[in-house]
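Work through the exercises below with the sequence and the model at hand. Each task is followed by a solution in steps.

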Amino acid sequence: MNQTENVPFYAGIPFLVIGLIGNLFVIRIVHKIPEMHTPTNYLLVSMAVSDVVTILLWPVYYFEFAKFVCKFVALSEVSIMVSSNTLTVLAVERYHAILKPFETGLRLNKDNIKRAIACIWIASLIISFPEFFLKEWSETYSGCIGPWTEQMNEASKIYVAISLTIIVIQMVVMFFCYGCVIKGLYFSSIVYPETDRETRSEKKKLVITLTLATTGFVVGYTPYLLYFGAFLLTGSERTEDFLYVADFFFVSSLSLNPIIYGFRGKKFREGLKRMMLCWKPTTQNDAFELNI
């Protein structure tokens with residue numbers, strides 16, 4: 001790597017470390033605490049696993065030194081798509097949980113959540129599968145060429161265009177779901193609590209979390225959308241400095257997920273305390289506090 005390429009990688013190391021530790025804690029808390037075994041938490045664990053895979057494979061983007069490395073880069077695209085799909089499913093699930101709690105057709109529960117997560121991973125693998133063939137090692141460029149590079153043939157451009165379209169559609173779905181939730185919470189009285197214990201303040205806190213989650217997703221992915229979208233439309237190479245900025249924003253977003261979805265909430269903090277201090281709930285109310 002040259003000196004310019006070093007900057008985004010080393011600048012992103014603190015975020016990679018925070019993201020790795022935070023996501024591992026999310027996985028461990030939900031696995032360790034039986035009261036945390038809820039459909040929403042299972043979705044968070046699925047996303048945390050995909051983020052961990054992305055973080056562990058991220059250095060491969062900068063240290064491409066052999067042909068087989070390109071396949072690892074393609075594998076990381078699967079985990080990125082899993083995170084994107086999981087966020088979309090979570091947005092739709094929360095939309096129905098908050099606005100349509102009595103319509104159970106699209107609600108996730110302990111009976112179907114495992115099938116839903118399996119479908120997310122299978123769909124992500126199918127969507128990303130072409131990259132395993134399109135991503136190749138180039139002796140000329142001494143690195144990987146193909147999708148998500150500036151050296152793309154027509155097949156790679158079609159694949160990237162489809163991937164960008166999917167992500168844009170997912171972002172629209174998220175904005176729609178969260179927009180409806182905000183409207184229901186602040187501008188109408190159509191929101192029903194999932195349980196009798198939920199209060200108005202709890203619902204408002206939830207919508208803040210959802211808004212932050214949406215912001216993190218948009219901040220992390222939009223630079224890539226702009227960069228490669230412009231590249232596909234114009235066919236001309238863009239300044240590498242913008243791509244480095246996009247890399248930095250994406251790496252930063254990997255550390256936001258456990259903060260936004262997990263440690264910002266009291267329930268995950270209580271779960272962390274219980275796990276680390278071997279604390280056990282003494283009352284039914286204590287156990288309820290750990291549920292999402």
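**Burial and fold**

Of the 292 residues in the protein, 46% are buried (under 20% relative accessible area; exposed is over 50%, partly exposed in between, with a 1.4 Å probe and protein chains only). The model is predicted, so local features need pLDDT of at least 70 and side-chain atom pairs count only at pLDDT 80 or more, while totals for chains, interfaces and linings use all residues. Residues are numbered from 1 along each chain as its sequence is written, and side-chain values use heavy atoms, with hydrogens and water left out.

**Exercise 1.** State how many helices and strands the protein has, and give their pattern along the sequence.

Solution. Take helices as DSSP runs of H or I with at least four residues and strands as runs of E with at least two, numbered from the N terminus. The protein then has nine helices and two strands. Along the sequence the pattern reads α-α-α-α-β-β-α-α-α-α-α.

**Exercise 2.** Classify the packing of helix α4 against helix α5.

Solution. Helix α4 (residues 113–134) and helix α5 (residues 154–186) pack at about 155 degrees, their axes 10 Å apart. The pair is therefore roughly antiparallel (angles over 145; under 35 is roughly parallel, 65 to 115 roughly perpendicular and the rest oblique). The crossing of α4 and α5 is left-handed, meaning that the near helix is turned anticlockwise from the far one by less than a right angle.

**Exercise 3.** Find the salt bridges and say whether their residues are buried or exposed.

Solution. Search for a side-chain nitrogen of Lys or Arg within 4 Å of a carboxyl oxygen of Asp or Glu. The structure holds two such salt bridges. One joins E93 and R94, at 2.9 Å from N to O. E93 is buried at 3% relative accessible area, and R94 is buried at 7%. The other joins K135 and E131, with the closest N and O atoms 3.4 Å apart. Both K135 and E131 are buried.

Conventions: Axes fitted to C-alpha atoms, helices over the stretch in contact; angles between N-to-C directions.
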